[in-house]
Amino acid sequence: MSAFRLMRRGRKTLRRLYTGPLAAYIDRIAEWYDGQGYGRCYAIAALKAVDDFGRWLLRTNVKLTEIDEDLIDHYILQRLKGLHPCTRVALGRLLIVLRDQGIAAASVSVRTPTQALEDDFQQYLMDECGL
């Protein structure tokens with residue numbers, strides 16, 4: 001499913017998604033959210049988070065090839081207030097799409113599923129609970 005099909009209204013938002021620096025990847029991310037069974041509102045919020053990240057990349061003159069986990073963490077730490085809870089997942093999905101396309105470098109360290117779960121839970125505690 002494309003972002004166009006997800007968004008029934010909001011031509012301005014659609015135009016914004018398809019003209020940003022990450023426009024070529026928006027449909028792939030939208031398809032993933034649709035395939036995973038996420039709700040429409042959550043998927044739209046995720047696409048907007050990806051678009052906001054792309055525009056931040058433009059403002060800071062960061063190239064797509066420089067995107068990695070550390071850059072995403074840096075972005076999120078800079079914008080703790082006002083971020084949708086889906087932002088980390090959305091940007092992680094973007095990174096997977098960019099790596100699949102050969103644009104972003106492959107991850108250097110390999111985390112086990114347990115480590116990933118622990119890291120995600122730790123991040124949840126920091127973001128949502130303030131611990």
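What is the orientation of α4 and α5 to each other?

Modeller: The model is predicted, with local features needing pLDDT of at least 70 and side-chain atom pairs counting only at pLDDT 80 or more, while totals for chains, interfaces and linings use all residues. Residues are numbered from 1 along each chain as its sequence is written, and side-chain values use heavy atoms, without hydrogens and water.

Helices α4 and α5 pack at an angle of about 100° (from 0 to 180 degrees, between N-to-C directions of lines fitted to C-alpha atoms over the stretch in contact), and their axes are 12 Å apart. They are therefore roughly perpendicular to each other (65 to 115 degrees; under 35 is roughly parallel, over 145 roughly antiparallel, the rest oblique). The helices are DSSP runs (H or I, at least four residues), numbered from the N terminus; α4 covers residues 40–59, and α5 covers 69–78.

On the α4 side, Ala 49, Asp 52, Phe 53, Trp 56 and Leu 57 are in contact (heavy atoms within 4.5 Å) with α5. Their partners in α5 are Leu 71, Ile 72, His 74, Tyr 75 and Gln 78. By class, this contact holds 7 nonpolar, 2 polar and 1 charged residues (nonpolar: Ala, Val, Leu, Ile, Met, Phe, Trp, Tyr, Cys and Pro; charged: Asp, Glu, Lys and Arg; polar: the others, Gly among them).

Helix α6, residues 87–100, also packs on α4, at an angle of about 65° and with the axes 9 Å apart. That angle makes α4 roughly perpendicular to α6. From α4, the contact takes Tyr 42, Ala 46, Ala 49, Val 50 and Phe 53. From α6, it takes Thr 87, Val 89, Ala 90, Leu 91 and Leu 94. Of these residues, 9 are nonpolar and 1 is polar, with no charged one. Ala 49 and Phe 53 of α4 are in the contact with α6 and also meet α5.

The remaining neighbour to describe is α3, residues 23–35, which packs with α4 at about 150°, the axes being 10 Å apart. That makes α3 roughly antiparallel to α4. The two cross in a right-handed way. In α3, Ile 26, Ile 29, Ala 30 and Tyr 33 meet Tyr 42, Ala 43, Ala 46, Leu 47 and Val 50 of α4. This contact has 9 nonpolar residues, no polar and no charged.

Methods
A crossing is left-handed if the near helix is turned anticlockwise from the far one by less than a right angle, and right-handed if clockwise.
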